[in-house]
Amino acid sequence: MHIYLPIAELSVNIFLILGMGGAVGFLSGLFGVGGGFLMTPLLIFIGVPPAVAVGTEANQIVASSVSGVIAHWRRGNVDFRMGGVLLVGGFAGSSVGVWAFAALREVGQIDLAIKLCYVVFLGIIGGLMLNESARAMLRARSSTPRRAKLHQHTWFHGLPLKMRFQRSKLYISAILPLGIGFFVGILAALMGVGGGFIMVPAMIYLLGMPTSVVVGTSLFQIIFVTANVTFLQAVNTQTVDIVLALLLLAGAVFGAQVGSRFAGRLKGEELRGLLALMVLAVCAKLGYDLVATPEDLFSITDGGGH
Amino acid sequence: MRRLWFLATLSLILAVSAGQARAQQELVADLSDHLVAITTGFTGADVLLFGAVEGEGEIVVTMAGPRGDVTVRRKGRVVGVWANVEAMTFANTPAFYAVAATRPLEAVAPEDVRKRQEIGLDNLALRPVGEDLDADAVTDFRDGLIRNKIAENLFAAEVAPINVLSNRLFRTRITLPANVATGVYTVSAYYLRDGSAVHAQTTPLVVSKIGVGADVFLFAHSYSAAYGLIAIVIAVAAGWLAAWIGRKVS
């Protein structure tokens, strides 16, 4: 059964879209990630124009983050003050990102920019995660618990504009979370992701937030950043396909339920190791596309300009 | 709904004007449908062109979509990765092009006639934009454009056959793929004798989005801020609902 997507302007098999939503939903339920970094490349792969993939995926992430944040909010695992500061940066960053997206599209470099961002950031994050989970697995075997320092002082603790974040038990400069929010906001807009896969490690390793509040707070700010991207893409490029977003969401809701059941059967470091391998696989696929000789050196887009 | 009426009236007027001209002509042709509606279940459409001729000759039918600028980009290696390095814009490029003929195009008309009437992919009047363009580069980019259009099924690579019945009645079928552009298409039928056109007839074909999909598209383009806000509200509501379902299920 085919359905014509009004904004993407193409006819797709409805079960393919539901299946994609389900599969990515399953993985996001299993690993506790948003899954945007898988869905956007998949959408581009099945022929959805990159701009529509990014705009629509932002819209879908709004929905999946709302449903994800509710559980964390109930358990009090959202640092609203930290989330607020991050999202101020995120708003600015994602606005810049949407603008950069339009500019890159104009000069015909958006496909390259999207792929480069994916390869660089998925490569870094995947590599770090794989390394970390491998160490954790080895440590679990040797079982010599090491005392970690509660707090490490680095140069950025000397920055001005200090703020107290009670839930995160932190007293740090607001410049750092603002900067992280800004940077991740740019990537969210360019890559069609929520940015959790960068935000979460940044919160743990750069800000030193306790892991219990990290995911909830990250989801909280992702809602607003992706809502901003959705709105700006809808206004500037009319590339948000509500029909596509809802279909993906329907599949993802189901998949996430199944995925979260399976999550309990695996150990934390095993989960992280598997996630790292998946991230690296996507990275390798896109990296290969960048260096492999394309089938046709020429490509076309409607409209003038260079 | 009003749009549908407008289109229906338009096609009626066109059909009537075609009918008036019919009496004194050696070629009459019409389409099975003057409106192709892109509905939610649209997966492409076949357009049937049929007609009658008088006397001996060859028939050629071309169909061209709405014309506009298309930018062609060429990739090259930049520090190891493939990036777009060059671009050329072609004005007057039809969004769709197909041709049908009773015999191979070379046998039907000489090159100058084919060029003038844009019969065949090689004879499309694509205008490269810019000054002092290198002729070889223009050819490369033009070929690249046509290759890509063929890959997207928007240019027909093959000349479709025309069935002729007892040297009088003819019909041909042109397939529009699911990714066709909307707008007014031009369907031209030529009746040629000894290589020159003795008669030609042009009929417009309207390709338009109809129904919910069309409304969504129109709304997204004319009230984009409201569309964006609605998209966010729907997403938030759907997310809430999903969390609620998830709690009920587990």
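What percentage of the 250 residues in chain B is made up of buried residues? Buried residues come to 34%, where buried means 20 or more other C-beta atoms within 10 Å of a residue's own, exposed means 12 or fewer, and partly exposed lies in between, with C-beta atoms placed from the backbone. The model is a predicted one, in which local features need pLDDT of at least 70 and side-chain atom pairs count only at pLDDT 80 or more, while totals for chains, interfaces and linings use all residues. Residues are numbered from 1 along each chain as its sequence is written, and chains are lettered from A and ligands numbered from 1 in the order in which they are written.

**View 1. Chain A as a whole.** Chain A holds 10 helices and five strands; helices (H or I, at least four residues) and strands (E, at least two) are DSSP runs numbered from the N terminus. Its radius of gyration is 20 Å, close to the 19 Å that the globule rule gives for 306 residues, so chain A is as compact as a globular protein of that length. That radius is taken over C-alpha atoms, and the globule rule is 2.2 Å times the number of residues to the power 0.38. Along the principal axes, the C-alpha atoms of chain A fill a box of roughly 60 × 45 × 40 Å. Of the 306 residues in chain A, 52% are buried. Among the contacts in chain A with a separation of 6 or more, 81% are between residues 24 or more positions apart; a contact requires two C-beta atoms, placed from the backbone, to lie within 7 Å.

**View 2. Ala256(A) in helix 9 of chain A.** Ala256(A) is part of helix 9 of chain A. It counts as buried because it has 26 C-beta neighbours inside 10 Å. Leaving out residues up to four places away in sequence, Ala256(A) touches Gly25(A), Ser28(A) and Gly29(A). Ser64(A) is 192 residues from Ala256(A) in sequence, and the C-alpha atoms of the two are 9.5 Å apart.

**View 3. The side of chain B that touches chain A.** Contacts link 52 residues of chain B with 47 residues of chain A. Strand 5 (67–78), strand 6 (81–94), helix 4 (135–151), helix 5 and helix 6 of chain B each supply at least two residues of this side of chain B. Helix 6 of chain B gives the most, with 18 residues. By class, this side of chain B has 29 nonpolar, 18 polar and five charged residues. Here Ala, Val, Leu, Ile, Met, Phe, Trp, Tyr, Cys and Pro count as nonpolar, Asp, Glu, Lys and Arg as charged, and the others, Gly among them, as polar.

**View 4. Helix 6 of chain B.** The 26 residues of helix 6 (residues 224–249) of chain B should span 38 Å at 1.5 Å a residue, and the end C-alpha atoms are 37 Å apart, which agrees. The expected span is 1.5 Å times one less than the number of residues. Buried residues of this helix include Tyr227(B), Gly228(B), Ala231(B) and Ile232(B). The buried residues of helix 6 of chain B pack against helix 3 (50–74), helix 8 (211–236) and helix 9 (242–263) of chain A, together with helix 5 (212–222) of chain B.

View 5. Four strands form an open antiparallel sheet in the order 5(A)-5(B)-6(B)-8(B); strands pair if DSSP finds at least two bridges between them. The edge strands, strand 5 of chain A and strand 8 (127–128) of chain B, each pair on one side only. Helix 4 of chain B packs on the sheet, touching strand 5 of chain A together with strand 5, strand 6 and strand 8 of chain B, and its direction makes about 70° with that of strand 5 of chain A. Such angles run from 0 to 180 degrees between N-to-C directions, with axes fitted to C-alpha atoms, for helices over the stretch in contact. Between the chains, strand 5 (residues 298–302) of chain A runs antiparallel to strand 5 of chain B over five bridges, and Asp302(A) has Val70(B) as its bridge partner.

**View 6. The hairpin of strands 12 and 13 of chain B.** Strand 12 (residues 183–193) and strand 13 of chain B run antiparallel and are joined by 11 bridges. Two residues lie between these strands, and Asp194(B) in the turn has a positive phi of about 50°. Tyr191(B) stands opposite His199(B). Strand 2 (residues 35–38) of chain B runs parallel to strand 13 (residues 196–209) of chain B, with four bridges.
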